[in-house]
Amino acid sequence: MEKILQVKDLELSFNTFAGEVKAIRGVNFDLYKGETLAIVGESGSGKSVTTKSIMRLLPENSAEFKNGEILFGGRDLTKLSDKEMQKIRGKEIAMIFQDPMTSLNPTMPIGRQLTEPLLKHQKISKAEAKKVAIDLLRLVGMPKPELRMKQYPHQFSGGQRQRIVIAISLACNPQILIADEPTTALDVTIQAQILELMKDLQKKIDTSIIFITHDLGVVANVADRVAVMYGGKIVEIGTVDEIFYNPQHPYTWGLLSSMPSLDAADEKLYAIPGTPPDLLAPPKGDAFALRSEYAMQIDMEQNPPFFKVSDSHYAATWLLHPDAPRVEPPATVIERMKKFPGSRYYEGSRV
Amino acid sequence: MARYIGKRLIYMFITLALIATFTFFLMKILPGSPVASADKLSPEQRAVVEARYGLDKPLPVQYFDYMFGLAQGDLGISINQFKGANVTDVIQSRMGPSAQIGFQGMLLGTFLGVLLGMIAALRQNTWVDYSSTLVAIVGISIPSFVFASMLQYFFALKLEWFPVALWKDGFMSSVLPSIALAMFPLATAARFIRTEMIEVLGSDYITLARAKGASGSEIAFKHAFRNALIPLITVLGPMAVGILTGSLVVEQIFAIPGIGEQFVKSIMVNDFSIIMGTTIFFSVFLIVVILIVDILYGIIDPRIRLSGGKS
C-alpha cells in the first residue's frame, strides 16, 4: 500500500515557565492511502499534540520540533514556512475538532465558513463555491442546504454543527483528514450517526483518516489500524484486530480491561492505577512501568525498543524480549486472545 | 423589533421621570437659592423675584408644576444664569460645540483604541504590546484636566499650532479638546479589544480557521475582529458617560461655549431650571446611547438578535 504520510522519530517540546515539557518523545508511524488510523491514549499522552504538529497548529513561540521529520508529498512539514503550510492546511490535510459547539465562528453565516477554504485554495468564483458548499452540506446529510447557508452556528444542533465542520474539512477533497476526538462532545446516538457519516464519506472520497480518540468502542467501529500512545510515545501499533485480540503491551491490556463490556461476568470496572507521567521530567525507562504490575527491573532503567509481533504489529515492551519471563495478561485480555488466531491463547475457531 | 423598541421607550420615560424627581428634590435639599447670592436685594425685592419664578410656592406644588411643564416639553426659564432665557433655547444654542468635540473625541478615541488593542493582541508580549498597555494605563489614570492642560501647554503655547482656549477658529479650535476627550475612550477601547482579541484568538473556531488555511491577517480581520468587538459595544455606554463628564472639565479649560461649561456654571449659581434641564438632557442622551448599544448588539452578534426580528 502507498504511504501517504510518514512520521519519523518525531520529538517535540513545549518551552514553558516550568521548563521543557517533552510532549512527544520519538513517535514513528506511517499512514497509508485510504486507511483509518486510530490514535488512542489517555489525556496528556500526546495524541492531539502529534496531529496538531502535523498541521503545524501548535503555538509557534512555545512548541519546538526537537528531532525527526514529517514527510508528506516528498516534503518535510516540520521545515515548511507558515505561508507554505497555509497552502497545505485545509487543502491537502484537513482537520475536525472535538467540540462542534465552539469550532464554528459564531458571527459568520455557515455558508461563508464553508466557501472560505474553497475560495482560498481553488480558483473558482463565489457562485461556484456556493454551489459546491450546498453540495457539501447535502453530502453530510443537512436538510434544506440552500436555506441553511445563510444561518449562523447557534441555529444548529451539536450534531449538525459537527456535520458542518466535516463538510468544511472535506471542501477541497483533502488527502488526509485528521479527526481530533470528533465525537467526544456529542451524545451517544449522535456519535453513532457522525461515525457512520465519516465511514461513508471516506468510501466516497477515498481519503486517509487519522482518528484520535480515547474511546475504544469508537476505535473498534472505525479504525483499520490502531496506535496506542502513552507518555509521548507510541507503545503499540497494529491492525484493529491485533490490538483488540492480541495486545502485547501492559498499557494496552490496562486500556482493554478498563473498557466496559456487556458479557463480562465481573461487575466491577477496572481502572488503571496511578496517573500519567510528568513530561517535564519523563521517566528514564518505560513510561508506564510505575503504573504497571508487570514492570521489571529493566523497565525502570531502559526504554524498550519496538518488538515485532507480526508484519503489521509492533509493541514497545520488554516483555517481548526473548529473555523476559512469560507473564499472564489480565483475565479479560486472555478471554479476548482466545479468539485470535496466532495468539498464544488461541482456542480454535470460536469467533 | 418595533414592539421591543416601544417597550424600551416606555421604560425610558419612567426612568426620565425618576431622574427628574430625584434631581428636583436633591437640588432643593442643597443649601442656597438662585436669588440668595444677590445680597443687594431687599427682602421685598427677593420676594418679588421668588414669586416670579414660583419659588415661593410650597415644594410639592413646585414639583408638580415642573413635572407638568416637563411633560409638555417645557423646561422652564433660566433664573439667573441667562436671565429669563428659555432653557430649551439655551441648551439648543450650546449643543453644537459640545456635540462636535464629543463626537470627534469619541470617534478618534474608539478608532485609535481599537487599532492599538488589535496590534497589542497580535503582537502579544512584545514591546508593541507593552507600550500600548502603557498608553492605556496613562489614558485611564491621568485626569482629563491634567492632560488638557498639557496639550494646551505644548501644542498651543509652545508650538502655537492651535489656539489655547478660544472657540473662534472652527475645526482648529476643536482639535485639542477632542484629543483630550479621546483619551478615555481610547484607553478603554484598547484594553477591552486587547483582552478580547487574545481570548478570541485562542478559541476553537480560530484554530479551525487556521486549519482551513487562512492567513494571519484573514484570521485577525475576517474571523477575530467582529467577535472581539462585541464586548466593546458594552462599554460604549460608559464611554459616552466618560465623554460627557470629561466635557464638563474640558469645556471649562478650553473655554468652549458648550453644554458642559454652562452646566458647571449653572450649578455654581444655583440656577435651578438650567440644572434640571441640562440633567434631563444628559439623561436622555445616555438612555438613547444605551438603546442604540442594545440594537447594535443584535447587528454585530447574531446570537442576540432580538426576538421578533427577522433572521
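In this predicted model, the buried residues of helix H10 of chain B are covered by elements that include helix H4 (87-122), helix H9 (216-253) and H11 of chain B. Helix H10 spans residues 259-268 and is mostly covered, with 7 of its 10 residues buried; these are Ile259(B), Gly260(B), Glu261(B), Gln262(B), Phe263(B), Val264(B) and Ser266(B). After H10(B) comes Asn270(B), a residue with a positive phi, near 60°. On the side of helix H11 (residues 272-300), Thr278(B) is in contact with Ile259(B), Gln262(B) and Phe263(B), and also with Ile91(B), when residues up to four places away in sequence are not counted. The relative accessible area of Thr278(B) is 0%, so this residue is classed as buried.

The largest nonpolar core holds 72 residues, of which Leu5(A), Phe29(A) and Ile54(A) touch the most other members. Apart from neighbours within four places in sequence, the contacts of Leu5(A) are Phe29(A), Asp30(A), Leu31(A), Ile54(A), Ile70(A), Leu71(A), Phe72(A), Ile176(A) and Ile210(A).

Between the two chains, 29 residues of chain A are in contact with 23 residues of chain B. The area buried between chain A and chain B is about 2200 Å², and 55% of it lies on carbon and sulfur atoms. Within chain A, the residues that lose the most area to chain B are Pro106(A), Thr107(A) and Glu116(A), which together account for 25% of what that side buries. Across this interface, 13 residue pairs are found in polar contact, with both residues at pLDDT 80 or more. On the side of chain A that touches chain B, the elements giving two or more residues are strand S6 (93-96), helix H3 (110-121) and helix H6 (158-170), and H3(A) supplies the largest share, 6 residues. By residue class, that side of chain A divides into 13 nonpolar, 10 polar and 6 charged residues.

The count of salt bridges between chain A and chain B is 3, and the count over all chains is 24. In one of the pairs, the side chains of Glu116(A) and Lys212(B) meet at 2.9 Å, N to O. Because Glu116(A) lies in helix H3 of chain A and Lys212(B) in the loop between helix H8 (204-211) and H9 of chain B, this pair joins two chains. Glu116(A) counts as buried, at 7% relative accessibility, and Lys212(B), at 5%, likewise counts as buried. A salt bridge is also formed by Lys120(A) with Glu218(B), where the closest N and O atoms are 2.9 Å apart.

Other salt bridges lie within a chain. Arg138(A) is paired with Glu146(A), the closest N and O atoms being separated by 2.9 Å; Arg138(A) is partly exposed at 44% relative accessibility, as is Glu146(A) at 45%. In chain B, Asp65(B) and Lys57(B) meet through their side chains at 3.1 Å, N to O, in a salt bridge, and the relative accessible area is 40% for Asp65(B), which is therefore partly exposed, and 37% for Lys57(B), which is also partly exposed. In chain A, a network of salt bridges links Glu20(A), Glu64(A) and Lys66(A).

How values were computed:
Residues are numbered from 1 along each chain as its sequence is written. Chains are lettered from A and ligands numbered from 1 in the order in which they are written. This is a predicted model: local features need pLDDT of at least 70, side-chain atom pairs count only at pLDDT 80 or more; totals for chains, interfaces and linings use all residues. Side-chain values use heavy atoms; hydrogens and water are left out. Contact means heavy atoms within 4.5 Å. Buried area is the accessible area (1.4 Å probe) that two parts lose on being put together, summed over both. A salt bridge is a side-chain nitrogen of Lys or Arg within 4 Å of a carboxyl oxygen of Asp or Glu. A polar contact is a pair of N or O atoms within 3.5 Å; within protein, one must be able to donate a hydrogen and the other to accept it, and residues adjacent in sequence count only if both atoms are side-chain atoms. Helices (H or I, at least four residues) and strands (E, at least two) are DSSP runs, numbered from the N terminus. Ala, Val, Leu, Ile, Met, Phe, Trp, Tyr, Cys and Pro count as nonpolar, Asp, Glu, Lys and Arg as charged, and the others, Gly among them, as polar. Buried means under 20% relative accessible area, exposed over 50%, partly exposed in between (1.4 Å probe, protein chains only). A nonpolar core is a set of buried Ala, Val, Leu, Ile, Met, Phe, Trp, Tyr and Cys residues joined through side-chain atoms within 4.5 Å.
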